[in-house]
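Trainee: I would like to go through this structure strand by strand, then look at a helix and a pocket. Can we start once it is on the screen?

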Amino acid sequence: MAEAQTFETDFWKDANLRKVWDDIVPGEPRKTIPYTLTKEAIELYCKSVGETHPIYFDEAYARTTRYGGLIAPPSIHILLMFSCTPADDWMRSPGTVNAGQSWSYNIPARPNDVITLQARALDKFIKRERLFVVHDNVFFNQRGEVICSGRGWTIRPM
């Protein structure tokens, strides 16, 4: 397993750069950045969530499976959501609450895949004095293949 690396845990850092409610425009693509998914990142993610299946760590074992090599767990999209967005992205705002999500998984991400994200807010509305945003996200590998896609609902901080 890889050694733990430094990860930014100050979620207030750069908070003043993030879009606020009035700046979120439904239909407008979010700014995203490509991310190269490393074997080490997969190992650290698995360690953090308690995932121990050898298909994520053991290359010899993984070659014997239908995937023919190492893959990342489907829930890796959680890591990718933050890795593929810049510090000023509105989804990173402290106090944002995940109000639900639905994901479809097409193909597994693999070590050394260059991941890109296409994302946008679909709608925003106020209900019971809470600010809701509906958003969709699609992750692609370097060949343009869809890894996973999802729709989520978040409650924004006031």
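Trainee: Which residue in β3 is the bridge partner of Thr 36?

Mentor: Keep in mind that this is a predicted model. The bridge partner of Thr 36 in β3 is Val 114.

Trainee: How many bridges join β3 to β4, and which residue in the turn of their hairpin has a positive phi?

Mentor: The two strands run antiparallel and are joined by eleven bridges. Across this pairing, Asp 123 stands opposite Val 134 in β4. The hairpin has two residues between the strands, and the turn residue with a positive phi, about 50°, is Arg 128.

Trainee: On the other side of the pairing, which residue in β5 stands opposite Val 133, and which residue takes a positive phi in the hairpin of β4 and β5?

Mentor: β4 pairs with β5, residues 146-156, over ten bridges in the antiparallel sense. Val 133 stands opposite Thr 154 in β5. Five residues lie between the strands of this hairpin, and the one with a positive phi, near 80°, is Gly 144.

Trainee: Is Asp 136 buried or exposed?

Mentor: Asp 136 belongs to β4, residues 130-140. That strand is largely enclosed by the rest of the structure, because nine of its eleven residues are buried. Beyond its neighbours within four places in sequence, Asp 136 is in contact with Gln 118, Ala 119, Arg 120, Leu 122, Gly 150 and Arg 151. The relative accessibility of Asp 136 is 14%, and the cut-off is under 20%, so Asp 136 counts as buried.

Trainee: Which elements are included in what covers the buried residues of α1?

Mentor: The buried residues of α1 (39-49) include Ala 41, Ile 42 and Tyr 45. Leu 79 is in α3, residues 77-83, and has contacts with Tyr 35, Leu 37, Ala 41 and Tyr 45, leaving aside neighbours within four places in sequence. The cover of the buried residues of α1 includes β1 and α3.

Trainee: How far apart in space are Leu 79 and Ile 42?

Mentor: Ile 42 is one of the buried residues of α1, while Leu 79 sits in α3. In sequence the two are 37 residues apart. From C-alpha to C-alpha, the separation in space is 9.2 Å.

Trainee: What does UniProt list for residues 27-148?

Mentor: Over this range the chain is 19% helix and 32% strand. The end C-alpha atoms are 20 Å apart. The UniProt entry is unreviewed, and the name it lists for the range is "domain: FAS1-like dehydratase".

Trainee: How much space lies in the second largest pocket?

Mentor: Its lining includes Trp 12, Trp 21, Arg 18, Lys 19, Ser 93 and Arg 156. By class, the lining of the second largest pocket has seven nonpolar, one polar and three charged residues. The space in the second largest pocket is about 190 Å³.

Conventions. Residues are numbered from 1 along each chain as its sequence is written. This is a predicted model: local features need pLDDT of at least 70, side-chain atom pairs count only at pLDDT 80 or more; totals for chains, interfaces and linings use all residues. Side-chain values use heavy atoms; hydrogens and water are left out. On a 1 Å grid over the protein atoms alone, a cavity is a set of points where a 1.4 Å probe fits but cannot get out, and a pocket is an open set with protein on both sides within 12 Å along at least five of seven lines; lining residues have an atom within 4 Å of a point. Grid points are joined across faces, edges and corners, and a volume is the space filled by probe spheres set on the points. Ala, Val, Leu, Ile, Met, Phe, Trp, Tyr, Cys and Pro count as nonpolar, Asp, Glu, Lys and Arg as charged, and the others, Gly among them, as polar. Helices (H or I, at least four residues) and strands (E, at least two) are DSSP runs, numbered from the N terminus. Buried means under 20% relative accessible area, exposed over 50%, partly exposed in between (1.4 Å probe, protein chains only). Contact means heavy atoms within 4.5 Å. UniProt positions are given in the numbering used here, feature names are shortened, and annotations may be inferred rather than shown by experiment. Two strands pair if DSSP finds at least two bridges between them.
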